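This briefing goes through one model by topic, from confidence to sheets, helix packing and the ligand shell. Please read it alongside the sequence and the coordinates.

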Amino acid sequence: MFDYLIVGAGFAGSVLAERVASEQNARVLVVDSRNHIAGNAFDFYDDAGILVHKYGPHIFHTNSEKVFQYLSRFTAWRPYEHRVKASVDGQLVPMPINADTINKLYGLRLTCHEVDAYLTSIAETRDSITTSEDVVVSRVGRELYEKFFRNYTRKQWGLDPSELDAAVTARVPVRTSRDDRYFTDKFQAMPLHGYTRMFDRMLAHPKISVMLNTHYKDVKNEVRFRELIFTGPVDEYFDYCYGKLPYRSLRFDHQTHDQDRYQTAPVVNYPNEHAYTRITEFKDLTGQKHRKTSIVFEYPCADGAPYYPIPQPQNAALYQRYKALADTLPHVHFVGRLATYKYYNMDQVVAQALRTFEKIKETSPAKAERHDETVEPIVLNGHGIEAA
Ligand SMILES: Cc1cc2nc3c(=O)[nH]c(=O)nc-3n(C[C@H](O)[C@H](O)[C@H](O)COP(=O)(O)OP(=O)(O)OC[C@H]3O[C@@H](n4cnc5c(N)ncnc54)[C@H](O)[C@@H]3O)c2cc1C
């Protein structure tokens, strides 16, 4: 009998596995349908020996000291401040738009103060801000919107910004200073030996068993457990009874090139040309020295693994129906980006998992230390689960 069955070995599942095992002395089984831990943050050494992120670049940044301190138990860090350039009008310019972006694009020499006035002069007045288009046009005007945002958003979401919630572009700041960092958070760093090593250490607790290549439906009737922590898609849990929650997906094209550097920034965005949205060069992120370089192209697409919940009011309403069902199950905890149908950064998912643990503690107190009980190894046979 397990105390917890945890579905998903990404941030949500792994943080909770570590917490309940360490603090509650609980026996935990973590299952993941993929053949690796770490969820979308999974990184690995490719054929050339370069550390790459399988599911696109994952940059850690947070303002939460609590989250940073918690993860620091499992990894040392490499300081890293992310920088992105956008290919616009044949030039590579800083993204988010800042003073240098505008000066380079228009051949100007505006001071930071003048950039503010310039943006105010080109911004369009909108009565209300409801869509992504409203957000951007009311801040930087139509021309910069067309150059940087409109086509990128269309590629990324398969929708025009006028069809998307304002919240989508609220994540894309504009600066009047010359600060060209992509994020301004207090803590910005990459796990020194990569994300997967950090997850290895999180899941190394003797009370935690991990089964890979194992879908929830393979074990749900085979394993006995007290509480379920589900970090997979909430609509899947309820057999899509109200219909599927829509997601946008990505196709990743990983390449290795026999040259030291491929591009002049860690990430280059292509708002207008090409079918891909951006190219990432991994050595910049990890600091690895290697005579070759590995990069990834991202092609947004409709079908494939669920990556980005599509932020439209009808989808939020559909999610609320699933949430109402989820709220009726006191022993099932829905945590993480798929189970709560929301795009979260890694730190937000860690924070959500830590908050969930605090709630779990109230209803399910820690057990006394039991030295006689260790987790038996488990093997999956053709029909289900058996103790080895
Ligand atoms: C392209 C891309 C880039 C990103 N870049 C950043 C970034 O730079 N910085 C940042 O902070 N965040 C970034 N994120 C967000 C980050 O990936 C998420 O915050 C994080 O992965 C969420 O963790 P999670 O545990 O909720 O979900 P996941 O990492 O998706 O983990 C869920 C796990 O559950 C498993 N699972 C699902 N259903 C089942 C089932 N039924 N049975 C068994 N297993 C199941 C899945 O296989 C998966 O491994 C990015 C996301 C994407 C898509």
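The model is predicted. Its average pLDDT is 92, and 93% of the residues score at least 70. Residues 369–388 have a pLDDT below 50, and this stretch makes 27 contacts in the model beyond near neighbours in sequence.

- Strand E11 (residues 225–230) is joined to E17 by three bridges in the parallel sense.
- Phe 230 has Phe 334 in E17 as its bridge partner.

**Seven-stranded sheet**

- A further open sheet has seven strands, ordered E8-E7-E13-E14-E15-E12-E16, with mixed pairing.
- Its edge strands are E8 (91–95) and E16 (308–309), each of which pairs on one side only.
- Strands of a sheet pair through backbone hydrogen bonds, in either a parallel or an antiparallel sense.
- Strand E7 (residues 84–88) and strand E13 (residues 267–269) run parallel and are joined by three bridges; Lys 85 stands opposite Val 268 in E13.
- Helix H3 (residues 99–106) packs on this sheet and touches E7 and E8, with its direction at about 160° to that of E8.
- Strand E12 (residues 247–257) pairs with strand E15 (residues 293–301) in the antiparallel sense over nine bridges, and Phe 252 stands opposite Glu 298 in E15.
- E12 also pairs with E16 in the antiparallel sense, over two bridges; Tyr 247 has Pro 309 in E16 as its bridge partner.

**Backbone exceptions around E8**

- Most residues other than glycine have a negative phi, and most peptide bonds are trans.
- Asp 89 is not a glycine, yet has a positive phi of about 50°; Asp 89 is in the loop between E7 and E8.
- The peptide bond from Met 95 to Pro 96 is cis, with omega near 0°, and Pro 96 lies in the loop between E8 and H3.

**Packing of H1 and H11**

- Two packed helices are described by the angle and the distance between their axes.
- For H1 and H11, the axes come within 9 Å and cross at roughly 35°, and the crossing is right-handed.
- On the H1 side, the contact residues are Phe 11, Ala 12, Val 15, Leu 16, Arg 19 and Val 20.
- On the H11 side, they include Met 346, Val 349, Val 350, Ala 353, Leu 354, Phe 357 and Ile 360, along with Gln 352 and Thr 356.
- By class, this contact has 12 nonpolar, two polar and one charged residues.

**Ligand shell**

- There are 34 residues around the ligand, and Gly 8, Gly 10, Gly 39, Gly 232 and Gly 336 come nearest.
- The shell has 16 nonpolar, 13 polar and five charged residues.
- Helix H1 (11–24) and helix H11 (346–363) each supply at least two residues of this shell.

Methods. Residues numbered from 1 in each chain as written. Predicted model: local features only at pLDDT ≥ 70, side-chain atom pairs only at ≥ 80, totals over all residues. Near = placed C-beta within 6 Å. Helix = DSSP H or I, 4+ residues; strand = E, 2+ residues; numbered from the N terminus. Nonpolar A, V, L, I, M, F, W, Y, C, P; charged D, E, K, R; others polar. Pairing = 2+ DSSP bridges. Contact = placed C-beta atoms within 7 Å. Axes fitted to C-alpha atoms, helices over the stretch in contact; angles between N-to-C directions. Left-handed = near helix turned anticlockwise from the far one by under 90°. pLDDT = per-residue confidence, 0-100.
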